[in-house]
Each structure stands twice: as C-alpha cells, then as structure tokens.
Amino acid sequence: MMVSKEKDNNQNNNDRGEEDISYRVGDAYLFLYYLLQFYGHTWIFTNMSARFISFGSDALAGTFYFVGVMMSSCQLLSILELFHIADGLENRRLLARFVQVMQRNFVLFLIINQEEFQSKTIVCVLFYLWNVLGLLRYPCELLCLISTPSISLVWTRYTLSVTVYGLSVIAEGVSVLQALPYYKSQGIFSGQIPAPGPVYVYFPYLLMAYLPLLALERRQSLVSWSETKKRN
C-alpha cells in the first residue's frame with residue numbers, strides 16, 4: 001500500500017511538473033508574440049507620425065508605400081491569436097477574435113492592397129486607428145504576463161479601446177464604400193467559379209454584404225472586451 005501511494009504521489013508530481021513546464025513555455029511564447037506585435041505597431045506609428053510631422057498632408061499619399069509591408073506582417077501574424085485561443089493560451093471569445101482578424105485582413109489585402117486605393121487618405125486614417133488599438137493592447141498584455149496590472153491601467157485600456165475601435169469600424173466601412181466604384185468598373189475578383197452549375201461571383205455584392213458584418217464584429221468585440229474587463 002505504501003509503495004502504491006508513493007507511486008501515485010510521484011506520478012502526480014510528474015504531472016504537475018509537466019504542467020508547470022508547459023505553462024512556462026506558453027507564457028514565454030506569448031511574451032515573444034506580444035513583444036513582436038508591440039514592436040511592429042510602434043515602428044509603424046513612429047514612422048507615420050514622423051512623416052506627417054515632416055511633410056504634413058503630403059505624407060498621407062505615401063503611407064502604404066512606407067509602412068504597408070510591416071502592417072501586412074502584423075495583421076498576418078495576428079492570425080496566430082486564433083490558435084492561441086483554441087489551445088487555451090488566451091482566454092478570449094474565439095468568434096469575436098476570428099471575425100476581427102479576418103475582417104482586418106480582408107480590408108487590408110483585398111481593398112487597401114490595390115495600387116489604385118493605396119494613396120487614399122482613408123488608408124492613413126485606418127492604419128493610425130489600428131496602430132492605436134495595438135499600442136493600447138499589447139503593452140497591457142505584456143504586463144499581465146509579468147505581474148498584475150493596475151486597475152487604472154486596465155480601465156484606461158478598455159475605455160479608450162472602445163472609442164478607437166468604433167472609429168476604426170467606421171473607417172473600414174468608408175474604405176469599403178470608396179472601393180465599390182473601382183471594383184464595379186474594373187471587374188476585379190468577379191467572374192465564374194468552378195461548380196456543379198454556373199456560378200458567377202460579383203465582388204461588389206460581396207463588399208456590400210460585408211458591411212453588415214462590421215456591425216456584428218463590433219458587437220462581438222465589445223462583448224468580449226466587457227467580459228475580459230470584468231475578469232481583470
């Protein structure tokens with residue numbers, strides 16, 4: 001009996017040790033991820049601000065040319081957050097994060113990435129708002145991994161994020177509306193797709209259908225933020 005108990009205790013200790021190692025590895029990975037995102041958003045925000053101070057409104061047209069690659073990298077990297085939630089590394093609502101990540105990549109790669117659209121003012125506005133959201137989020141996430149952040153810091157983050165996020169949703173909607181005439185005239189991403197029957201996809205209709213999803217995404221994100229704020 002004593003030998004059996006000792007074996008059980010050793011097994012339990014081994015299980016706890018493996019869990020502790022897994023937990024530490026997960027925290028180290030999240031720390032590196034948040035740090036990379038914070039660095040990327042800081043780099044973009046600093047460069048955009050420096051160009052605006054130096055060249056004024058003339059800097060708006062070249063925003064995508066100077067920071068587009070870094071912004072694309074940060075948004076592609078954010079897809080990993082879906083796996084973070086699925087694996088239990090982050091305690092977030094998967095649906096809300098999925099919709100948010102996908103709609104940003106949709107706007108960035110299918111609309112802003114078009115050369116005729118890159119020089120529009122709305123691109124600069126949208127990049128600024130996305131960066132402010134990143135700069136509000138990732139430093140706080142880093143602090144949560146190191147220690148417990150202060151109540152005032154958490155309150156400031158979520159209070160400002162709600163306002164900035166609402167503005168970013170409006171900016172995304174404006175970018176979709178501005179892109180509609182271009183896609184209607186050029187016929188890009190429109191055409192017949194392979195299917196059992198003839199199926200013709202008209203991309204402007206997809207853009208118009210995308211607009212209601214912005215309202216859904218905003219609702220899901222606000223619910224997720226409210227729950228996270230209560231937990232903190």
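Modeller: Rings of Phe, Tyr and Trp (its six-membered ring) pair if their centres lie within 6.5 Å; planes under 30 degrees apart count as stacked, over 60 as edge-to-face and the rest as tilted. The model is predicted, so local features need pLDDT of at least 70 and side-chain atom pairs count only at pLDDT 80 or more, while totals for chains, interfaces and linings use all residues. Residues are numbered from 1 along each chain as its sequence is written, and side-chain values use heavy atoms, with hydrogens and water left out.

Y33, Y34 and Y138 form one aromatic cluster. By the pairing rule, the count is 8 aromatic pairs. One of them joins F45 and Y128, which sit edge-to-face at 5.4 Å centre to centre, with 85° between the planes. This pair links distant parts of the chain: F45 lies in helix α1 (residues 2–55) and Y128 in helix α5 (residues 121–146), 83 residues apart. Helices here are DSSP runs (H or I, at least four residues), numbered from the N terminus. F45 counts as partly exposed because its relative accessibility is 27%; buried means under 20% relative accessible area, exposed over 50%, and partly exposed in between (1.4 Å probe, protein chains only).

Y182 and Y183 form another edge-to-face pair, 5.3 Å centre to centre and 75° between the planes. Y182 counts as buried because its relative accessibility is 17%. Y183 is also buried, because its relative accessibility is 0%.

How values were computed:
Helices (H or I, at least four residues) and strands (E, at least two) are DSSP runs, numbered from the N terminus.
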